[in-house]
Amino acid sequence: MGARGPIGKRSEERMGHRSKDEKDSITKAPSGPPQGLPDLPDPDPLWHPIATDWYLSLQESGQAVFYQPSDWAMARYAAELMSRGLSSDRPPNGQYVSALDSVMARLLTTEGDRRRARIELERKPSGPQLASVKPLDAYRDLAGG
């Protein structure tokens, strides 16, 4: 998978000069549902709602552009594990949680997992862009403030 240690910053958050090789080593993909997903099995109707939501969210996530049929099979397996754990009367043990987290990490389900694998999803603008404060600074300079 990726490197161990702290999760690196996104490429646009890094300061300073980066080598061309380092810039080229990051794979970028658009966020949101990828085009041309294969026909995927529906979630099992017996799955816990959280497991169903997680499985369906993968189909709407940008990293799914990298998934192969075996990855989708692994996603179904993870959703099944998750469902069984959430539906159990017993609290989950650490080994179960760790195993499930490992499967989910291999599917690049969190931004940290993707950064470790040197994959970034391009962010969509989140709402209206704020105006620049430069005109306010210029006005303050003119007013002597």
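Which residue forms a salt bridge with Glu120? I started my notebook with that one, keeping in mind that this is a predicted model.

**Entry 1: salt bridges**

I looked up Glu120 and found Lys28 as its partner, with the closest N and O atoms 3.6 Å apart. The pair links distant parts of the chain, since Glu120 lies in strand E2 and Lys28 in strand E1 (residues 27-30), 92 residues apart. I then checked accessibility at both ends. Glu120 has a relative accessible area of 4%, so I noted it as buried, the cut-off being under 20%. Lys28 is at 44%, which puts it among the partly exposed residues.

Another of them joins Arg84 and Glu80, with 2.7 Å between the closest N and O atoms. Both of these residues sit in helix H3, 4 residues apart, about one turn of the helix. Arg84 is exposed at 58% relative accessibility, while Glu80 is partly exposed at 26%.

I also wrote down the bridge between the side chains of Asp113 and Arg116, at 3.8 Å from N to O. These two are 3 residues apart in helix H5, so about one helical turn separates them. Asp113 is buried, at 11% relative accessible area, and Arg116 is partly exposed, at 30%.

**Entry 2: aromatic rings**

Next I turned to the rings. My search of the whole structure gave 2 aromatic pairs. Trp47 and Tyr55 make an edge-to-face pair, 5.4 Å centre to centre with 75 degrees between the planes. The rings of Tyr67 and Trp72 have centres 4.9 Å apart and planes at 70 degrees; over 60 counts as edge-to-face, so this pair is edge-to-face too.

Tyr55 had one more thing to show me. The charged end of Arg76 sits over its ring, 5.9 Å from the centre.

**Entry 3: the nonpolar core**

Which residues touch the most other members of the largest nonpolar core? This core has 16 residues, and I listed Trp54, Tyr55, Leu58, Tyr67, Trp72, Ala75 and Met82 as the ones in question. I was pleased to meet Tyr55, Tyr67 and Trp72 again here.

Helix H2 (49-59), helix H3 (69-87) and H4 are the elements that give two or more residues to the core. H3 supplies the largest share, 5 residues. As background, I jotted down that nonpolar side chains tend to be buried together in soluble globular proteins.

**Entry 4: positive phi**

Last, I looked at backbone angles. Leu108 has phi near 60 degrees, a positive value in a residue other than glycine. I placed Leu108 in the loop between helix H4 (94-106) and helix H5 (111-116). Leu108 is buried, with 11% relative accessible area.

Arg118 also has a positive phi near 60 degrees, and is likewise a residue other than glycine. I found Arg118 in the loop between H5 and strand E2 (119-122). At 28% relative accessibility, Arg118 counts as partly exposed.

Methods:
Residues are numbered from 1 along each chain as its sequence is written. This is a predicted model: local features need pLDDT of at least 70, side-chain atom pairs count only at pLDDT 80 or more; totals for chains, interfaces and linings use all residues. Side-chain values use heavy atoms; hydrogens and water are left out. Rings of Phe, Tyr and Trp (its six-membered ring) pair if their centres lie within 6.5 Å; planes under 30 degrees apart count as stacked, over 60 as edge-to-face and the rest as tilted. A charge sits over a ring if NZ of Lys or CZ of Arg is within 6 Å of the ring centre and within 35 degrees of the ring normal. Buried means under 20% relative accessible area, exposed over 50%, partly exposed in between (1.4 Å probe, protein chains only). A nonpolar core is a set of buried Ala, Val, Leu, Ile, Met, Phe, Trp, Tyr and Cys residues joined through side-chain atoms within 4.5 Å. A salt bridge is a side-chain nitrogen of Lys or Arg within 4 Å of a carboxyl oxygen of Asp or Glu.
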